[in-house]
Every structure is written in C-alpha cells, then in structure tokens.
Number of protein chains: 2
Amino acid sequence: MTSLQDPNKAGTQRVVISVDAMGGDHGPAAVVAGISRSASKNPEIHFLLHGPEDELRRLVAKRRNLRGRCDIRDASGVVTMEDKPSQVMRNGKDTSMWSTLDAVRNGEATVAVSCGNTGALMALSMIRLRKLPGVDRPAIAVLWPSRNPQGFNIMLDVGADIRADAPDLLQYALMGSSYARNGMGLTNPRVGLLNVGTEEHKGRAELRQAYDLIADKASTGQYEFVGFVEGGDIPGDRVDVIITDGFTGNVALKTGEGTASLIGDLLKEAFAYTPLSRIASLLALTSLKRLQKRIDPRRVNGGVFLGLNGTVVKSHGSADATGISAAVKLAFTLARSGFSDRLAARVASAAEVAQDDPGPTAGRKDGTHS
Amino acid sequence: MTSLQDPNKAGTQRVVISVDAMGGDHGPAAVVAGISRSASKNPEIHFLLHGPEDELRRLVAKRRNLRGRCDIRDASGVVTMEDKPSQVMRNGKDTSMWSTLDAVRNGEATVAVSCGNTGALMALSMIRLRKLPGVDRPAIAVLWPSRNPQGFNIMLDVGADIRADAPDLLQYALMGSSYARNGMGLTNPRVGLLNVGTEEHKGRAELRQAYDLIADKASTGQYEFVGFVEGGDIPGDRVDVIITDGFTGNVALKTGEGTASLIGDLLKEAFAYTPLSRIASLLALTSLKRLQKRIDPRRVNGGVFLGLNGTVVKSHGSADATGISAAVKLAFTLARSGFSDRLAARVASAAEVAQDDPGPTAGRKDGTHS
C-alpha cells in the first residue's frame, strides 16, 4: 500500500515534488527551466527529477538555484505521446513517468508532476498509486478562468473516463469540493451538475439520480449544491465546481480552449489591420498583456488527477517553462495543504466506509476541513 | 401532408418567410425592426408576420419599407419562455408560433423564423411539419465562428435531442453537409465526428458504429469524412461540419458562448484600466469593432432545425433587430437555394428509401446538388 506523507510532519521548510522531466513537447530543458523558476519563488520546494541521468545532470548544473534542491533519479525510458496506455502499463518500468509516480507511491514525495501522455499517465497512476477506497472512477480536474473572485472554477472529469454514473458523479462532487477548499481556500464551495437547459430534456437518468445523491450529501460534504448548470456557467460565477462525465468535460474543455485561441488570433489580426490600429496596439500593450495573463492557458496549466492514493498534476504536453512552473506551483499548494490525506478522508467519510478503511486516513486527528 | 414550395417556381423575385413576432425577450418591436432591415437589404423577401394583429399593424405601419411586403396573420396567444413543450402542443393552437409553422405546413412559406422558446418550437415543429422520411431524430444546427475561409463551421445537434445513436449521427452528417452546400456554397464539405482525444478511450460504442456508417456514405452523401475530431476543432479549420449528440453539442455551444463573452468582458476591463489604455482603445476602436463583428453572436444568430418537412430557423430569445435580421438572412439564403427539398432528397436517397417515398422529392429533376 502507498504510505502518504504528511507535509506537516516534514515541517514547513520542505515540500517534495516528484517531477517527470520527459515526455513534454519541449523536452527536459523546458522542465528544468520551469522547476528552476518555481525554486526561486518557493524556497520550501525540493524536487525529485526523473529521466536520463547524464542529460538531466547537465541541465540542472546550469541552474544555480537548483543546487542542493533537486535529486535526480535515473530512468532511461520515455513515454511518448504515441504510446498506448496498455503498452506503457506492460513495458513502462524503465520510464521516467513510472519512476515519477513510484516516488509518490513510496512516500518520498506527496505530489507528482508530468507533462507526458495523459492516457498513459492516468493508466500508470491507477496501477501504481491505486484508487482511493470508495472511489470507482478517478477524475481529472482542471482550473477554468471564470468570473468568480478566485479567478477560476474547477471542472471535473475532463477525460479520465468517458463514462460516469450517478455514484461517480457524487464522488466527483466530493473530490472537486475538497480540491476547491484545499487548492483555492473556499470553505463552502458551490457545486453544479452540468446539464442542458431545455426543460423537458432534463433527462438523462443518471443525471437525475446524481442530482439527488449530490443534494443529499451537501452538508456532510461541506459544499453548497446549486443544482443543474449549463455550459455557460463553466466560466461564470454561479458555481465554483462543475461536475460532469469525462466525455462531456473533455469536449467542453477543448471547445473553450479552441474558442479562446481563435479570439486571441482574431484580436492580433484586428490590431495588425491598419497602421493606426498597430499604434493603438502598442499603446494597449500593457492592457493586452494583463488580459493575456488572465486567460493564458499556461497559467492555469495543470489538470489534477483525483481519487488516487496521492495526487498527480498533469501539465499540458506543450507546456513551456511558464507552464511547468504553474503546474509545480499547483502541486506545491496542494502538497502543503495536505490535500491528498484530506481528500481521502472526505471520500471515505462520505462513502460511510471510514470504519473499514485502514488506509491513510486512520491516524488523522486535525479534522479541520478536508 | 406538407406540400413544399419550390422557390424557383415562385420566380426569383419573391421568397416568402414566415415570421413569429412574439416570444422573444425584446417583444414584437425588435422583430419588426429586424425584418424591416432585411426588407431593405433583400428586395425579394416577403413576410408573413404572426401575432396580435392590432399591435403588429401599428408597428409595421411605422416602417415604410415594409409596405406591401408584410402580411399580418392574427394570433392572440403567445408561447412564453416558461411554457412547457407538452402544454404548448396541447393548448397552443391560438399562438403565433403555431400559426408561423402552419404557414410552412400549408406551403405559403418555405422557411419559418421564431425567437421563442426552443423546446416548444421543436415540439410544435415535430407535430406540425413532421419528420422527413428516413429521419428518426431531427437536429438543431448552429453556425460557429471558425478559422475556415467561410468564417463559420456548422455543428449539430446542439439540443434537439439529448440522445443520438449511430444511424442518427449518420443522418446528422447528411443533413449538416446538405446545409453546408446550400447555406455556405461548399460543394464537398468536410465532416468530422466529435469525440475525445485519448486514444484508447475512442470508446463509446455508438461513436465507433457511427464512424463506420458515416465513412461508408461519404461518396453518396457528397462529403469528405475526416474522422474523429475534438472540441478544439469546432472553431478550427480541419472540418466544416461537426457531428455530435444534442447533449454534448449543447454543452459545447454554451461553453463557447460563455468563454467568448468572458473574454469580451475582460478585454473591456483591460482597456478601461489606465488612461493610456483608454486612449489606446479609442484608437483601436475600428479594429475592435471588426473583431466584434466577426465574433458577435447576433451575427451568427439562427440555429436551424433540420430533418423536418420544411426548415425552421430558431433565433436567440435575446435577439435584437440585428439578430432577427441575421436569422431572416439565413432563412432567405436557405429558401432561395431550395434547401428544404434538397435536404429531403439527400436524406431519402442516402437512406435508400427513395423509391418508397411519394413525398416532396418525387418530382425533382434538377439533381445538381442537394
């Protein structure tokens, strides 16, 4: 079984993050540049970096601020974007991804970060970290730019599993609200269940069942259930956490990203159109940068795998140093809050199997919020 | 049975559009303002306008360009946004929506336009116009701003039905590509089936079945099947027509709208931030207006109901004069191209029931493209 580290035990001065250096589009140089940024910002972070030792040693040596704060774990194999999850599960023991997850499994780190192949990472996470007691389908949660004061909403599942029945959707509500508490500091997050608006179609049987289950558990789960929400509420301010199955969530996520990217390009085009508009865009540069910072997908980088014994942060494959650094920051926030343990406790207690659970939650005394 | 008008018979000088004046958020004044705009732009359009006669007569009298081009059909009842489709189907005979659809049913107009309650409009359309032979589930298709040269992609279904099995998805491919040919002039539209990207999850059984069906019919259906696409392709340039079930499509549509609206507001905020950025935004005004025109949901206003004996254009409930005018323009384009007949022929021939079909396609001789 996985033994989970309590970051409080290690003191506030050291939070260990396990990082996969390989598998991203920009190679290990971008990953090392990203963790170097994070190291400068957060003196408490320590890294376990996984990949081909010689190459990593050379890259890390160039970053003075990583000295003494980054242990390298040699792993010669790399999971590529083309590898099938089933192959990786069978033959992936020598890969940096496997090694990255095993550091969490062994309790050396609390959170893992990888920008590799999502399907393979989820499949490996399932077999190396295993599902939390009470969780049938783990989920991937993302942060979505929104009108809420915290600037982001949480949506899950965005692609761990294309199916979700009513009990799964309840688990997502519990896990998503726990993430909102620990990752965003919202004590009583508002949860909505994604559906379509046309009244008599409020139909799919599993959604009506999930509605009742999620409503029932609102007080024990410490969230406010807002009921059904629509696609327009994902970037809105009616809810903090949006619950859906992985098929719908994945389509919504990619639609939102594609729309934002199209508008960004049209905006650039619009400003390049006439000499006057080019001058205007120079004048507007800081405004536009402020906007870009707000909607930049690199800054909200980091889907989080929930429902496992340990937390895995999945960074975009195309993440550059900024993106990696954002993912590490998220991993750090979650690790420091003791999120993995809190989530486990929350799921176990809501599933009313706490007394049968000999796992990581057994020794918990703090009981503030999870 | 519905007898469908061939607009060619009526000559190019007159295309009759049946318009529901009621049920929109801005009332009949916005509708009359909208059709007045369209009347100025297109001298071939003639309107049948449905609603309370006295009120409409007063509004129309104020618009000089509608003189002799707008017949009013008295209907005292109004379908509100709160009315349930089942109620409207039972008790809606006196409503402007019912009257609007019956003008298409009776062959007085080719296309109907309404900005009323979507669920009620679809339900009434099903009973008054009936489904085309060979179509099990009619669909709502929308235009989506995209990177393609035509500026828009077509997506369906966005909410007529929350379910779609493989044969339905094939019908959507046939109907959507016919719409792309007749509404956009694309002779060989590229069709994609919406799915999620993680390889081994290319899963849902009905999607794999639909993949084979749609691939098989590509040459008879006169489209190019690109295969599975993802959410990011909806505003992209890989395909012209995106096929999905009404649940997923509705979520994607509302997510895209919500994201565009959030970015628009953030952009305004960014420009209002400092005096310099306010000056910049003045200089950039024409550029920004150009952009707004491109992504303005009012200009792509008009979901189209496909798979019925006749075409229904559903305008946003919140449509103002610009939105109504955009919906009428779309209705006009489709009516003039003989879209209703062409679509019927396409669906019937692809379903290989053409010989059993005594309906609207029987007398068709032109056979160019449908």
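A:Arg128 is buried, as its relative accessible area is 17%; buried means under 20% relative accessible area, exposed over 50%, and partly exposed in between (1.4 Å probe, protein chains only). This is a predicted model, in which local features need pLDDT of at least 70 and side-chain atom pairs count only at pLDDT 80 or more, while totals for chains, interfaces and linings use all residues. Residues are numbered from 1 along each chain as its sequence is written, chains are lettered from A and ligands numbered from 1 in the order in which they are written, and side-chain values use heavy atoms, with hydrogens and water left out.

- Over all chains, the search of the whole structure gives 26 salt bridges, each being a side-chain nitrogen of Lys or Arg within 4 Å of a carboxyl oxygen of Asp or Glu.
- Side chains of opposite charge can pair when their charged atoms come close.
- A:Arg128 has A:Asp102 as a salt-bridge partner, at 2.8 Å from N to O.
- That pair links distant parts of the chain, with A:Arg128 in helix α5 (residues 118-129) and A:Asp102 in helix α4 of chain A, 26 residues apart; helices (H or I, at least four residues) and strands (E, at least two) are DSSP runs, numbered from the N terminus.
- A:Asp102 counts as buried too, at 14% relative accessibility.
- A second salt bridge brings together the side chains of A:Arg73 and A:Glu108, 2.9 Å from N to O.
- Because A:Arg73 lies in strand β3 and A:Glu108 in the loop between α4 (96-105) and β4 (111-114) of chain A, this pair ties together parts that are 35 residues apart in sequence.

**A chain B pair and a chain A network**

- In chain B, the side chains of B:Lys131 and B:Asp136 form a salt bridge of 3.8 Å, N to O.
- B:Lys131 is partly exposed at 35% relative accessibility, and B:Asp136 is partly exposed at 46%.
- Back in chain A, salt bridges with shared partners join A:Arg137, A:Asp161, A:Asp165 and A:Asp168 into one network.

**Surface patches**

- A:Arg37, A:Lys41, A:Arg58, A:Lys62, A:Arg63 and A:Lys329 form a positive surface patch.
- Patches are made of residues with over 30% relative accessible area and no salt bridge, joining like charges within 9 Å and nonpolar side chains (Val, Leu, Ile, Met, Phe, Trp, Tyr) within 5 Å.
- Lys and Arg count as positive and Asp and Glu as negative, with His and the chain ends not counted.
- Within this patch, A:Arg63 sits in the loop between α2 (53-61) and β3 (70-74) of chain A and is partly exposed at 32% relative accessibility.
- B:Met89, B:Met126 and B:Ile127 make a nonpolar surface patch of about 200 Å², with areas from the Shrake-Rupley method and a 1.4 Å probe.
- B:Met126 belongs to helix α5 (residues 118-129) of chain B and is partly exposed at 31% relative accessibility.

**Cysteines and a buried strand residue**

- The count of disulfides over all chains is 0, a disulfide being a pair of cysteine sulfur atoms within 2.5 Å.
- A:Cys115 is buried at 2% relative accessibility, and B:Cys70 is buried with a relative accessible area of 12%.
- B:Val113, in strand β4 (residues 111-114) of chain B, is buried at 3% relative accessibility.
- From B:Val113 to B:Thr100 the C-alpha separation is 7.8 Å, with the two 13 residues apart in sequence.

Key:
The place of a charge is taken as NZ of Lys, CZ of Arg, CG of Asp or CD of Glu.
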